[in-house]
Amino acid sequence: MSQQSPGKKRGLSRPVEVVRAELLKDPETKRIADAVGMKLEDYVELVLEYAQDKDKEPMLNVVSDEELKANGFPVHTVEEVGEFLVAGAKGELPGQGNPFAKSEFEASKGDASGKPSLNPAGESAQAPQDEAKRQDLIDQLKKGSGGPRG
């Protein structure tokens, strides 16, 4: 365990200007800034603030539904949040895409290149849709339960 003097920040090992320039050029950083509704420059500064002080804790504000509504923010029901989580688990949220599509592991139909494929017949496999299990997950979310253990 390293000994640090009190008050010394643990942070970046490279100059902040170099890291800032890299973040501003990075398309993934731009995508994240857009996704959280921030200007790229503001998002980069926030990232750098936390990167320069590894001991800094993120701020978390908990507000009531009424306060959110009064300030013009949408308030979601437990069912809507459950649907969102289910969609995220299925990879159906906007911008998620199919992470396996980038691998090009599966050869396209009619491709005789001899590349390996997990689906040689070209059939699209789909997970079974079980409405009862989906509803059970949403019910567990309503109750605040983690579901069955074991």
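A: Let's start with Glu131, which forms a salt bridge with Arg134, the closest N and O atoms being 2.4 Å apart. The term salt bridge here means a side-chain nitrogen of Lys or Arg within 4 Å of a carboxyl oxygen of Asp or Glu. Both residues sit in helix α6, three residues apart, so about one helical turn separates Glu131 from Arg134. Helices, by the way, are DSSP runs of H or I with at least four residues, strands are runs of E with at least two, and the numbering goes from the N terminus. Glu131 counts as partly exposed, at 49% relative accessibility; buried would be under 20% relative accessible area, exposed over 50%, and partly exposed is what lies in between, with a 1.4 Å probe and protein chains only.

Before going on, a word on the ground rules. This is a predicted model, where local features need pLDDT of at least 70 and side-chain atom pairs count only at pLDDT 80 or more, while totals for chains, interfaces and linings use all residues. Residues are numbered from 1 along each chain as its sequence is written, and side-chain values use heavy atoms, with hydrogens and water left out.

Back to the charges. Glu131 and Arg134 also belong to a network of salt bridges together with Glu83. Another bridge joins the side chains of Glu79 and Lys142, at 3.0 Å from N to O. That pair links distant parts of the chain, 63 residues apart: Glu79 is in helix α5 (residues 78–90) and Lys142 in helix α6 (residues 131–143). Glu79 is partly exposed at 36% relative accessible area, and Lys142 is partly exposed too, at 42%.

Glu28 is partly exposed at 38%, as is Arg31 at 44%.

Now for the greasy side of things. Val19, Leu23, Ala33, Leu40, Tyr43, Val44 and Leu48 make up the largest nonpolar core, seven residues in all. Such a core is a set of buried Ala, Val, Leu, Ile, Met, Phe, Trp, Tyr and Cys residues joined through side-chain atoms within 4.5 Å. Helices α1 (16–25) and α3 (40–52) each supply at least two of its residues, and the largest share, four residues, comes from α3. Tyr43, one of the core residues, touches Thr29, Ile32, Ala33, Val36 and Met38, leaving aside residues up to four places away in sequence; a contact means heavy atoms within 4.5 Å.

There's a ring to check as well: Lys56 lies over the face of Tyr50, at 5.2 Å from the ring centre. For that to count, NZ of Lys or CZ of Arg has to be within 6 Å of the ring centre and within 35 degrees of the ring normal.

Zooming out, the protein has six helices and zero strands. Of its 150 residues, 11% count as buried. Among contacts between residues at least 6 apart in sequence, 42% join residues at least 24 apart. The protein exposes about 12,600 Å², with carbon and sulfur atoms supplying 55% of that; the areas come from the Shrake-Rupley method with a 1.4 Å probe, and for residues only the protein chains shown count as cover.
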